[in-house]
Amino acid sequence: MITNTATRSPAGSRLAFAGIATGSLLVLLDTSILNVAVPDLQRDLRPAAAALPWVVDAYTVVFAGLLLAGGVFADRLGARRVYRVALAAFAALSALCAAAPDAGTLIAGRALLGVAGAGLVPASLALLIALNPDPVLRTRAIGAWAAFGGLGAAIGPVLGGGLVELGGWPLVFLVNPPIALAALLLSRRLPASAGRSTRALDRPGLLLSTAALGALTFGLVEAGIRGWTSPYALVPIAVAATAVVVLVVLERRAAAPVLPPALLALPRVRSALVAASVSCFAFFGGLYLLGLWLQHTYALSPLAAGLASMPMTFPVCVMPFFTGRLVARHGARPVLLTGMAATVLGGALLACCTGQHPPLALIVAAELALAAAGTLAIPGAAAEMAVSAPPELAATGQGALNGIRQAGSALGVAVLGTLGALSAAGLVLSAVGLVAVVLVAMTGKRPVSAGRAGR
């Protein structure tokens, strides 16, 4: 029998939190650990040139497309059940990926890992919310959760580079099962859902939202690979736009829409969505751009390439702890605005990077500014959503937030990765950041009812 969160011992709460945070670390570790293993994988499996990027991106596309659906099912079936099933699947699928005999099998395995990841993230945040009913403690816990996830993203390139040099690309997958099994053991202490959503399942809305997110991410990835004029990019983006239009029309008539209007009507929810998408555009797009640029400019080894990303990735392990406390003390709006301003600053610094070898101090300063954008806005948006969304829609709200985060990440990689110069990327980042500052500032002017303030 699972104890109530109100009577749970401090030690039990810490172990339950560890079970949630370990799953978050696992998901974000898998988004970055494979990047530096691609050359070794290419030599071993010899995939076609068009298939190689999808060894990495199949995970992202499926993960992004199913995040909203993962949140809906976590609300309906119980976050604890969805979380535990997803953890077990992640462990098994990682082992299968390590044994893949060819690129096609590996791509399929990566896509299935995206399904498991889409179940883990919204369910883990819903469990974290249930574990911390007090809004102040909740925002601090989300900061710590984000820091653990950031640790996964940060150590991914370094760990991946070391594992490749130690024993080849399969090791980057074999590191997952022990972590997943540890999280599964700790998850026995997680609280059962206090209540599950009883809303009718909006099947057309769920299918259309999944198709829209998946097609959009697919098109953006292909745009980064083949260019914006390629039909492989334009057709999926057009499909995504069509799915969104049909979704909007159908959702107006649906008795229980997949993304409830009551959720989107909350100004703070909209602010969180804007900040999350822009911060991921800046952080992950910038991380990808600078990683490529440093490797091409200085001919770095896989391990050195991972270490070169540390100015951007290391703060992600530390800063979210403080972000949770800042949100708890001052509210999310100033934290989100600061994160968006850091995006503008990072873009301005990159815009000054002209010539083939700009000063490394300027590059490091830009990396730190983009790290500040990610470490303030991403956990700040998650905390804002956790406080603002109704409890019965906790996982749905987090699924929507993480879905738009992944779309923002894919758009950042597609846009910034196709720009040849750091200065051009800097101008784009500054413009996007300025728009986000205005939108978040305008959204924050709307009054919030006392019952939802939570600040």
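Figure 1. Helices (H or I, at least four residues) and strands (E, at least two) are DSSP runs, numbered from the N terminus. The model is a predicted one, in which local features need pLDDT of at least 70 and side-chain atom pairs count only at pLDDT 80 or more, while totals for chains, interfaces and linings use all residues. Residues are numbered from 1 along each chain as its sequence is written, and side-chain values use heavy atoms, with hydrogens and water left out.

Figure 2. Along the principal axes, the C-alpha atoms fill a box of roughly 55 × 50 × 45 Å. Of the 455 residues, 55% are buried; buried means under 20% relative accessible area, exposed means over 50%, and partly exposed lies in between (1.4 Å probe, protein chains only). The accessible surface comes to about 18,100 Å², and carbon and sulfur atoms supply 70% of this surface. Accessible areas come from the Shrake-Rupley method with a 1.4 Å probe, and for residues only the protein chains shown count as cover. Among contacts with a separation of 6 or more, 85% join residues 24 or more positions apart; a contact means heavy atoms within 4.5 Å. The chain has 29 positive and 14 negative charges, and their mean positions are 13 Å apart. Lys and Arg count as positive and Asp and Glu as negative, with His and the chain ends not counted. Each charge is placed at NZ of Lys, CZ of Arg, CG of Asp or CD of Glu.

**Figure 3. Helix α2 and the residue that follows it.** In α2, which spans residues 38–45, the buried residues are Val38, Asp40, Leu41 and Leu45. They cover an arc of only 160° around the axis, which puts them on the same side of α2. The arc is that of the directions from the helix axis to the C-beta atoms. The buried residues of α2 pack against α3 (52–77), α5 (103–131) and α6 (135–167). After α2 comes Arg46, found in the loop between α2 and α3. The phi of Arg46 is near 50°, a positive value in a residue other than glycine. Arg46 counts as exposed, at 69% relative accessibility.

**Figure 4. Gln406 and Ser409 in helix α17.** Gln406 lies in α17, and Ser409 has its place in this helix too, which covers residues 394–417. Gln406 is buried, with a relative accessible area of 10%, and Ser409 is buried at 7%. Not counting residues up to four places away in sequence, Gln406 touches Thr60, Phe63, Ala64 and Leu67. With neighbours within four places in sequence left aside, Ser409 is in contact with Cys280, Phe281 and Phe284. Gln406 and Gly214 are 192 residues apart in sequence, but their C-alpha atoms are 10 Å apart in space.

**Figure 5. Gly286 in helix α12.** Gly286 belongs to α12, residues 267–298. This glycine is buried, with a relative accessible area of 0%. Gly286 touches Phe281, Met312, Leu370 and Leu416, not counting residues up to four places away in sequence. Gly286 and Ala394 are 108 residues apart in sequence and 30 Å apart in space, C-alpha to C-alpha.

**Figure 6. Ile363 in helix α16.** Helix α16 runs over residues 360–388 and contains Ile363. Ile363 is buried, with 2% relative accessible area. Apart from neighbours within four places in sequence, Ile363 is in contact with Leu290, Trp293, Cys353, Pro358 and Leu422. From Ile363 to Ala183 there are 180 residues in sequence and 37 Å in space, C-alpha to C-alpha.

**Figure 7. Leu250 in helix α10.** Leu250 is found in α10, residues 231–251. At 33% relative accessibility, Leu250 counts as partly exposed. The contacts of Leu250, leaving aside neighbours within four places in sequence, are with Pro204 and Leu208. Gly205 is 45 residues from Leu250 along the chain, and the C-alpha atoms of these two residues are separated by 7.3 Å.
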